[in-house]
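The following note sets out several points on the structure shown below.

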Amino acid sequence: MSSRVFVKPDMEKYLFKGEVRYTQAIDQHLKMMRSIFCKQKGKVPAEEIYYLFIGERTDTGILVTELIDISGQRQESQVIISLVDVERVATEKWIMGTYHVHPVGSLEPSRADFLSSVAESAIAGHPLIHIIEDPDGGKLTWDFSQCFTSLFYRMMKDAG
Ligand SMILES: [Zn+2]
């Protein structure tokens with residue numbers, strides 16, 4: 001029916017090359033949250049957790065210093081991200097990025113992850129860094145800071 005085609009960006013180009021670190025308190029909190037929300041590992045559906053984060057640049061990458069939970073709404077175990085929430089936070093703080101967990105399956109960003117990341121960056125007014133973790137702490141981190149134009153081109157070129 002629809003002729004719209006979503007072209008997934010080539011992730012290799014967008015991987016965040018720096019090191020991602022957490023404060024000790026945040027690291028402990030995330031381990032706890034992963035164990036709670038991902039206890040159904042291997043079963044579908046499982047709940048996701050989703051945070052905006054505040055952070056600092058370090059010599060080697062970034063340090064996450066504060067988490068802001070915006071995963072208040074869930075529908076059929078999927079987190080519903082409210083862009084109004086993102087905007088509210090963005091008026092108060094300089095958002096560095098987002099964090100969420102893929103309880104099952106691959107770390108690869110979903111189509112929804114790409115689309116929401118573009119919207120969140122637009123609202124924040126700068127490209128955000130996006131962290132996805134699995135229940136065991138495996139991590140994929142990406143940002144579009146160097147490649148906004150080519151990203152949009154690639155996403156849309158086959159969309160007609
Ligand atoms: Zn995701």
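1. As to burial, the model under review is a predicted one, and 28% of the 160 residues of the protein chain count as buried.

2. The secondary structure of the protein chain consists of eight strands and four helices. Read from the N terminus, the order of the elements is β-α-β-β-β-β-α-β-α-β-β-α.

3. Regarding contact range, consider the contacts in the protein chain between residues at least 6 apart in sequence: 68% of them join residues at least 24 apart.

4. The largest nonpolar core comprises 23 residues, and the members that touch the most others are Tyr51, Leu52, Phe53, Ile70 and Met96. At least two residues of this core are supplied by each of β1 (19–22), β2 (50–57), β3 (61–69), β6 (97–101) and β7 (129–133). Strand β2 provides the largest share, namely four residues.

5. Leu52 deserves a separate entry. With residues up to four places away in sequence set aside, Leu52 touches Ile68, Ile70, Val86, Val89, Ile95 and Thr98.

6. Arg34 belongs to helix α1, which spans residues 24–37. Is Arg34 buried or exposed, or does it fall in between? Arg34 counts as partly exposed because it has 19 C-beta neighbours inside 10 Å, whereas a buried residue requires 20 or more.

7. Apart from neighbours within four places in sequence, Arg34 is in contact with Val101, Glu133 and Pro135. Between the C-alpha atoms of Arg34 and Ile49 the separation is 8.1 Å, the two residues being 15 residues apart along the chain.

Definitions and conventions. Residues are numbered from 1 along each chain as its sequence is written. This is a predicted model: local features need pLDDT of at least 70, side-chain atom pairs count only at pLDDT 80 or more; totals for chains, interfaces and linings use all residues. A residue is buried if 20 or more other C-beta atoms lie within 10 Å of its own, exposed if 12 or fewer, and partly exposed in between; C-beta atoms are placed from the backbone. Two residues are in contact if their C-beta atoms, placed from the backbone, lie within 7 Å. A nonpolar core is a set of buried Ala, Val, Leu, Ile, Met, Phe, Trp, Tyr and Cys residues joined through C-beta atoms within 7 Å.
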